[in-house]
Amino acid sequence: MEFLEKIKNNILVGDGAMGTLLYQHGADGCFEELNISAPEKVRHVHRLYVEAGSDLIQTNTYAANSLKLRRYQLDHRVEEINVAAVTLARKEAKEETFVFATIGGIGSVHLTEYEPDEINQSLKQQVDILLKTDVDGFILETFYDFQELLEIVKYVRKNTNKPIIAQVTLGDIGVLQGGTPLADALLLLEAEGVEVVGLNCRMGPYHMLRSLEEVPLLTDSVLCVYPNASLPNVRDGKFFYQSNPSYFADMTEPLVKEGVHLIGGCCGTTPEHVQAIRGAINNLHLQPVKDKSHRVKEPKRKEVIKVASNRVLERIPEMPLKRRSVVVELDPPKALSATAKFLEGAAAIKDAGADAVTLADNSLASARIDNLALGSLMKQHSGARPLLHVACRDRNMIGLQSHLLGLHTLGIQDVLAITGDPAKVGDFPGASSVYDMASMDLMRMMKQLNEGLSFSGKDLGEKTSFTVAAAFNANARRLDREVTRLEKKIEAGADYFMSQPVYSEEQFKDIYEATKHLPVPIYVGIMPLVSSRNAEFLHHEVPGIKLTQGVRDSMAKHGGDREASQREGLAIAQSLVDAAVEYFPSIYLITPFLRYEMTVELTKNIMKANKSFDITAK
């Protein structure tokens, strides 16, 4: 019987996990490579699932694409590994067993690991190889990025009439990562000609059941589920899943009542789980349902929370449209004894007229007092507006979202999203860098929080109100390439930019000409120098900062005279400010070594000039 006819009129049983079963049997490394080096191990897994009652088995090709095989220096063997996988599955399939070619999603929550184009090309290459084999159809599974799934579905459908099973992986119950409702996603897949649509991985049967309660029966497609066995646990350094085949048996009938025609298993499931599902179907004589009621989820009304002062603050990106605007960086100190001086400096900067005080997040990977704690304390102490840097280096995705929700709860709405310097450059070189996200991923997360959705797509009940700043390396050797990157950051959600310090008056015109087409403001960075040694360190050792020879010579002529050096540094900074405001109404002053008197003076001078400032002049 043809697959489509059989699945339309029956409840079919898929297989279970391949990788986790091989892992439990002692395999490690690249499981797809075993198709060549240890084919009997792969055949043994297929044989166990066929004997357990699987109507459909998947080829061992989940990660057999060039990008994932590249990690093992196997990308030159893509065709060999995929073809071998089909051969092995065919050898263990019975006459009535369907063999489907598995293609796994590449994009994950690590959104910037690969570019979309290279993901698409890698998947297309795998499809082209598998189309030359005698598989009965394709199963596309574990796709976190729905757009990635849609693209490859269209490609498979364009090139073959063989059946497609397309499975999304949910961010939360009933929603994809990004907030797309499951029902909407499945309808889109149906519209692309996918015969079997559903979900796999990440969740167990219970949460998949709850998700399907919001999905109606489809007109042209049928539903499938491949749940995980449970949440993973760790024992003696190895992952394992609870052995719960009887639970899968108990959940089979409720899943069928939600319209499911195909039930298999994902991570942690075994032949025992498949046998339990088969037993439940046979013993209960389960048949596909003809109709079902589904729960329609009412969207919650999301409100923008008022900040702690009970007023919504003027948005920083809009300030330069009306007047000259200044934000001043005051780095959190490393020593606890400097807290009082920091708070004193923040108050002075605020009184000088700065629109915000920005606090770095362990800059140069050096441990400092937490900027959220100081920002909140500063806000209470003087009413200064905190603009917090958030680095991706120190927190995973859980920590980043939690941190942002904490900012929102405290009424802090201004954030500079940065990737962060690697840990090895700082004072804890043995520390690990997390980098679950890069800066653009963090920007997307904040924009999603502004829509009232968590990163996983869960409804937060209200919207955040973040303004998102992004970093700009104005000293880049190829400014055109840097501007292209700025354009990508705007697409990711940047509302404005804050640049590295600039030390050339002539450079401001070049920056303006290169960026004048951008629809968001740029706060140009200026940092007063305090000594010749400081100047030489910045020029030679700090990435993204370059000083002109003239500036270095000016600082050098004062030698070790602290006061004279500071006066010279302030004079240079004032000249830079005067040159910058000819092109940019927004200035980002960076306070050196908590010497806030320097940036206070510069801020006052800029604020005085506001009285005669004409925003239309350029």
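Hi everyone, let's start with two strands: strand 9 (residues 222-226) and strand 12 (residues 260-263) run parallel and are joined by three bridges. Among these strands' residues, Val-225 has Ile-263 in strand 12 as its bridge partner. A word on the source: this is a predicted model, where local features need pLDDT of at least 70, side-chain atom pairs count only at pLDDT 80 or more, and totals for chains, interfaces and linings use all residues. Residues are numbered from 1 along each chain as its sequence is written, and side-chain values use heavy atoms, with hydrogens and water left out.

Strands here are DSSP runs of E, at least two residues, and helices are runs of H or I, at least four, numbered from the N terminus. Two strands pair if DSSP finds at least two bridges between them.

On to Val-577, which lies in helix 21 (residues 562-580). Is Val-577 buried or exposed? Val-577 is buried, because its relative accessible area is 2%, and the cut-off for buried is under 20% (1.4 Å probe, protein chains only). Leaving out residues up to four places away in sequence, Val-577 touches Ile-526, Leu-589 and Ile-606. Leu-388, by comparison, is 189 residues from Val-577 in sequence and 23 Å away in space, C-alpha to C-alpha.

Finally, the whole chain. How many helices and strands does the chain have? There are 22 helices and 20 strands. Buried residues make up 57% of the 618 residues. The C-alpha atoms fill a box of roughly 90 × 50 × 45 Å, taken along the principal axes. Of the contacts with a separation of 6 or more, 78% come from residues 24 or more positions apart.

Terms used: Buried < 20%, exposed > 50% of the residue type's maximum accessible area, 1.4 Å probe, protein only. Contact = heavy atoms within 4.5 Å.
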